[in-house]
Amino acid sequence: PPVAFGKMRVRVSADAHGAPVVLDGGVIFFEMKMPMGDHRYSLVPGDGGRQEAEVVLPLCPSGNRRWYATVEGAVAGRPVTARFRLDLTPPE
């Protein structure tokens, strides 16, 4: 699992009809139930047709470890969105 306050590389891939496609204007942003600041990252080209971002997420002072990641962009001019759950591990 990702570690709070540690740099992690997030990789995103999109497929259409079984083939990889580029997510135009791709961004990924992270949020919790309580406000934790702006955690929005632009996705850049990576290996294997993926797009990626280097991300650092803090640990909530309440002890909550659950973040939600939302990926947004466009494929062939159509907006697409996907949301994922992410649970952090406290730093050692």
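How many helices and how many strands are there in the chain? There are zero helices and nine strands, where helices (H or I, at least four residues) and strands (E, at least two) are DSSP runs, numbered from the N terminus.

Before the views, a word on the model: it is predicted, so local features need pLDDT of at least 70, side-chain atom pairs count only at pLDDT 80 or more, and totals for chains, interfaces and linings use all residues. Residues are numbered from 1 along each chain as its sequence is written, and side-chain values use heavy atoms, with hydrogens and water left out.

**View 1. The whole chain, read from end to end.** The C-alpha trace spans about 40 × 25 × 20 Å along its principal axes. Of the 92 residues, 36% count as buried (under 20% relative accessible area, with a 1.4 Å probe and protein chains only).

**View 2. An open sheet of three strands.** Here the strands run in the order S1-S7-S6, with antiparallel pairing (two strands pair if DSSP finds at least two bridges between them). Strand S1 (7–12) and strand S6 (44–45) stand at the edges, each with a single partner strand, so one side of each has no neighbour in the sheet.

**View 3. Where S6 meets S7.** S6 and strand S7 (residues 51–56) pair in the antiparallel sense over two bridges. Look for Val-44, which stands opposite Glu-52 in S7.

**View 4. Contacts across the chain.** Among contacts (heavy atoms within 4.5 Å) with a separation of 6 or more, 59% come from residues 24 or more positions apart.

Terms used:
Buried < 20%, exposed > 50% of the residue type's maximum accessible area, 1.4 Å probe, protein only.
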